[in-house]
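Hi everyone, thanks for making the time. I'd like to walk you through the aromatic side chains in this one, so let's bring it up on the screen.

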Amino acid sequence: MRRSTACALIFALLLPAGFSSAADTIQQSPDERFYAANQAYREARFADAARGYEALIHDGWQTGGLYFNLGNAYVKMGQPGRAILHYERARNLIPRDPDLMHNLEFARDRLVDPPSEPKGPLQAVFFWLPVFSPGEVFWGFAAINALFWGIVLLRFWLSREWLHYLFMAFGVLWLVVGLSLALKWHAAANDRRAVVLVPEAGVLAGPAEGDTVLFALHAGAILEMERCEGDWTLVHLSDKKRGWIPLKQIEAIRP
């Protein structure tokens, strides 16, 4: 269970809030609600803990620690689909967290359909991208961009050989990190992954009840959504198996 999230919630209390009304003054503050959810988790009231974490997330406190705690609560409740869903959401924000990765692997090992993460040529070249969040890549590029253009301006005033080599080095770094940022944000913007939430879901040949069942997926399976048609969505797996599944049986990792 993650406690560090409380620091972010306490800090947020110092900022102007859009829901500061007279009625809110009698309600619990976000840090109190967070500690109450943690207390429910410690007392094995996992459904109450999950409701507390979800309420905070719904109110805008979408932190990696909250998603991590919510995933832990769903593991304890025996709901692997929702556990994987929130662990994956946490991984988008805190991809290097060792506790998260340990719990995610623990949950994955117990799935009927373990998810796979195929790598293409770009993923092989930019192998470091999965260990950084989009925000980290953005701020890293912002810092390198400022230094690079600072060196460019400095070259107008100084003519030194070492400055030329520094310019070349930061130029290469600026290009690599800039491409990394573009790839990271493109991947985030086009992330169509979803998680199966029900114990077993039949993937059908068409978007209609009673159509031919092509194969079955189980809770925690990760698939890619292609397009929606009414209450159905066309999905495919990494091995290119495709079919239709009801939207109510899955949930997108990036809503």
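**Rings, charges and a nonpolar patch**

Let's start with K241: its charged end sits over the ring of F215, 4.6 Å from the ring centre. There's another one like that at R110, whose charged end lies over the ring of F106, 3.6 Å from the centre. Keep in mind that this is a predicted model.

Okay, on to rings meeting rings. How many aromatic pairs does a search of the whole structure find? Nine. Take F138 and W139: their ring centres are 5.1 Å apart and their planes are at 75 degrees, so we call that pair edge-to-face. As for cover, F138 is partly exposed because its relative accessibility is 37%, while W139, at 61%, counts as exposed. Now look at F148 and W149, with centres 5.1 Å apart and planes at 75 degrees, so that's edge-to-face as well. Is F148 buried or exposed? Buried, with a relative accessible area of 8%, whereas W149 is partly exposed at 44%. Ring pairs also tie F148 and W149 into a cluster with F141, F167 and W174.

Last stop, the surface. L153, L154, F156, W157, L158, W162 and L166 make a nonpolar patch of about 820 Å². Which elements give two or more residues to that patch? Those are α8, residues 134-155, and α9, residues 161-189. W157 is in the loop between α8 and α9, and it counts as exposed because its relative accessibility is 75%.

Note on methods: Residues are numbered from 1 along each chain as its sequence is written. This is a predicted model: local features need pLDDT of at least 70, side-chain atom pairs count only at pLDDT 80 or more; totals for chains, interfaces and linings use all residues. Side-chain values use heavy atoms; hydrogens and water are left out. Patches are made of residues with over 30% relative accessible area and no salt bridge: like charges are joined within 9 Å, nonpolar side chains (Val, Leu, Ile, Met, Phe, Trp, Tyr) within 5 Å. Accessible areas come from the Shrake-Rupley method with a 1.4 Å probe; for residues, only the protein chains shown count as cover. A salt bridge is a side-chain nitrogen of Lys or Arg within 4 Å of a carboxyl oxygen of Asp or Glu. Helices (H or I, at least four residues) and strands (E, at least two) are DSSP runs, numbered from the N terminus. Buried means under 20% relative accessible area, exposed over 50%, partly exposed in between (1.4 Å probe, protein chains only). Rings of Phe, Tyr and Trp (its six-membered ring) pair if their centres lie within 6.5 Å; planes under 30 degrees apart count as stacked, over 60 as edge-to-face and the rest as tilted. A charge sits over a ring if NZ of Lys or CZ of Arg is within 6 Å of the ring centre and within 35 degrees of the ring normal.
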